[in-house]
Amino acid sequence: MKLHNSYGIDLLEASIFVRRGLTSGQDIMYYLESDKRFTHLPFLFNSMEDAVSRISDAIEEKEKVLIFGDKDVDGVTSTAILFSYLKDQGLDVQWRLPVGEDAYGLSIDAINEFIEKTDGFGSLIITVDCGISNIKEIAYARNKGIDVIVTDHHNPPEELPDATIIIDPKLQDSGYPFKDISGAAVAYKLVSALRFSKFTAIYNQDITLLDVQPEQNGSFRVDCIRTRNLCQKRIFSQSFFPGESSIYNTKLADFLRGQQIFVWNEKLTKGRLAQIFGTNVDFQVFDLQPEAAKIIPSVSNKDLSSIKNISKIAKYSDTPVTEIQGFYNLFVTFAEKTQLRHYPKHEADSIQDLQLVGIAALADIMPMQNENRIFVKNTLNALNSGKTRKGIAELIARMDLAGKPITSTDLSWKMIPALNASGRMGQSNLSLELLIADNPAERNRLATKIIELNEQRKIFVADGEMLTARQAEESYKNFNGKLCIVADEKINRGVTGILAAKIMQKYNVPAIAITFTEDGQTAVGSMRSCRSCVATDFLDQFGDFFYNHGGHNAAAGFSFSKLKLNEFMDKAKELSSRLKLEEEETAIDIDAEIPSNFITPELLKTIDTFEPFGESNEELVFMSRSLKIQDAVIVGKTERQHLKLVFDCGKYKFPAMFWGEADRLNREFKTGDSLNILYAIGRNIFNGNITPQMILMDAEKI
């Protein structure tokens with residue numbers, strides 16, 4: 001009832017939130033809200049101010065800059081976001097991705113190529129979605145007089161590179177409150193900070209918000225929040241009795257020294273300060289109220305006590321919100337709205353960038369929690385409202401998605417594999433060129449080529465599965481039933497990650513797929529992990545065995561000398577014997593039991609509340625009892641046919657699909673029988689009509 005009463009959500013949704021352990025205001029906020037205002041401020045990164053300063057210098061001094069990314073979707077979108085902004089600022093900027101036989105991450109060859117192309121005048125390299133493990137390469141660049149800014153989101157190694165600046169949410173001292181964002185999100189935060197710095201008068205200004213409230217015992221409480229680039233830096237709160245002491249003998253004087261002081265209602269605030277410290281103290285303040293009223297008319301005649309209660313962000317606070325907290329929330333909103341009013345291009349560009357951030361979050365399997373939900377929601381809103389980014393629009397037109405509501409599932413299963421295909425097939429530049437090309441004819445050509453490469457990629461994956469099937473089975477036995485490793489020169493290098501993932505899914509253990517470079521000298525591989533085995537931790541146990549390695553908890557890559565393959569296998573077998581894999585529950589978690597008379601199209605609203613689904617936010621699963629089969633039809637022309645059912649739910653006759661279960665009709669149940677079922681609910685689109693549809697997971701006859 002608390003969630004129902006506090007946030008106005010219905011009882012079904014409230015019960016699902018509780019069952020999933022989502023009970024704090026912050027948790028609920030990311031499900032109910034989609035405004036960018038609910039994402040984290042970019043300057044929460046401790047090193048963001050330094051990065052903005054260095055890049056601003058590069059723009060002002062017309063330096064020559066290289067953006068180095070990765071060849072997967074996250075790397076390509078990261079590069080597109082940063083490149084588009086810097087090019088728009090008139091910077092002499094070029095980009096480079098790993099292509100062909102290039103290993104993951106910044107390379108010596110890329111640095112030398114940059115030096116050669118700029119006639120030795122290249123002075124700054126910015127890595128996106130990589131760099132955190134490129135110790136040797138970054139040292140080489142620094143030795144050549146090139147500054148390096150690393151923007152990454154991968155797990156940092158014990159020894160960090162000697163980069164000029166590092167922005168990575170997984171650094172212990174990053175300052176950023178959420179670690180699990182994509183590389184594209186980090187690039188987006190950097191660009192957002194650059195926009196803020198270029199077009200906002202309060203950039204790098206120390207501003208203190210001050211509020212004075214009377215208390216019941218005759219004292220006054222003075223609250224202050226010191227801010228810089230909209231981020232809270234220090235907080236002051238103390239009660240004073242009128243005439244008790246001189247301000248110069250209090251900590252307040254030190255706190256305010258050197259600060260611009262913003263207040264709400266100058267006359268009232270100064271009057272209260274005079275009661276406390278006397279009329280001889282002249283507080284130099286700026287009254288935000290009249291300026292804020294121009295941008296946010298709804299607050300023009302309200303005091304802070306009223307404002308704190310109407311703040312959307314305050315609504316989700318799990319503790320009572322004070323006037324100064326309400327003032328801070330309003331200050332940030334005012335600053336952001338002011339920026340957009342004066343520079344509307346920022347909003348349009350942000351919409352374009354966020355589409356790539358949402359796609360990257362799904363592509364890199366970021367948890368659908370916290371601000372990742374806002375990113376993906378904004379992506380889907382843009383795609384479904386005709387604001388589709390150039391390049392993405394051309395892919396949509398070729399994927400039978402145009403004119404239909406696009407979901408996170410469509411992106412994960414259709415668009416993202418296509419964008420990934422060019423990198424996997426050794427032509428990573430194609431996807432990036434598609435996202436930054438100005439010429440429509442060129443974008444159409446690139447989109448067509450990417451679709452062709454995706455079809456070729458599917459063939460390589462199928463070939464790899466056939467080639468390694470027996471080897472995977474033997475490996476599972478040889479590695480203590482805890483690990484699978486396959487290695488073959490015929491495996492296409494671009495599909496090692498997909499192949500490892502498929503083997504992992506089949507055997508439910510961490511899996512590694514290895515192939516070799518064209519010269520036969522280097523083994524390159526991908527690891528996909530599960531059951532709480534951290535991929536990077538597993539590879540770290542090999543010590544200095546690799547040329548390079550790195551990645552995430554669930555996915556990592558590496559390379560080493562082919563001559564060490566047997567040594568790698570022996571070490572992996574030894575490590576596998578000590579692996580402790582968590583047992584995975586096979587039971588299906590049920591979110592709610594729905595009586596038949598409550599099975600209506602209204603359930604789609606509940607589904608939409610919990611969208612987007614993905615990592616750490618699985619699809620809702622419902623259970624219903626005693627549903628009568630009104631109609632049953634076998635559909636499909638493949639070897640394993642499907643079952644299309646219609647259930648009598650009283651007022652509504654609800655369609656359902658039972659994929660691959662056609663043989664159960666008449667053998668286990670028939671038309672007229674009643675079933676207990678487990679199911680999800682989705683939308684079926686046919687001839688432009690959208691109808692709700694159950695997707696059955698299990699069924700049993702009563």
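Let me start with helix α10, where the buried residues are Thr-269, Arg-272, Leu-273, Ile-276 and Phe-277. Looking down the axis of α10, these residues fall within an arc of 115°, so they line one face of the helix. Keep in mind that this is a predicted model.

As for dimensions, α10 covers residues 266-277, twelve residues, and spans 16 Å from first C-alpha to last, close to the 16 Å expected at 1.5 Å a residue. After α10 comes Gly-278, with a positive phi near 95°.

Next, the nonpolar cores. The largest has 101 residues, and those touching the most other members are Ile-55, Leu-86, Trp-264, Ile-392, Leu-411 and Met-415. Helix α8, residues 183-199, gives the largest share of this core, ten residues. Take Leu-86: leaving out residues up to four places away in sequence, Leu-86 touches Ile-55, Ile-59, Ile-67, Leu-91, Val-93, Ile-126 and Leu-194. Another core, of 43 residues, lies apart from the largest one, and Phe-38, Phe-610, Phe-622 and Ile-629 are among its members.

Last, the second largest pocket, which holds about 960 Å³ of space. It is lined by 37 residues, and the closest to its centre are Asp-35, Lys-36, Arg-37, Thr-333 and Glu-336. Which helix supplies the largest share of that lining? That is α14, with eight residues. Helices α8, α12, α13 and α15 are among those that each supply at least two.

How values were computed: Residues numbered from 1 in each chain as written. Predicted model: local features only at pLDDT ≥ 70, side-chain atom pairs only at ≥ 80, totals over all residues. Heavy atoms only, no water. Helix = DSSP H or I, 4+ residues; strand = E, 2+ residues; numbered from the N terminus. Expected span 1.5 Å × (residues − 1). Buried < 20%, exposed > 50% of the residue type's maximum accessible area, 1.4 Å probe, protein only. Arc of directions from axis to C-beta. Core = buried A, V, L, I, M, F, W, Y, C linked by side-chain atoms within 4.5 Å. Contact = heavy atoms within 4.5 Å. 1 Å grid on protein atoms, 1.4 Å probe; cavity = no way out; pocket = protein on both sides within 12 Å on 5 of 7 lines; lining within 4 Å. Points joined across faces, edges and corners; volume = space filled by probe spheres on them.
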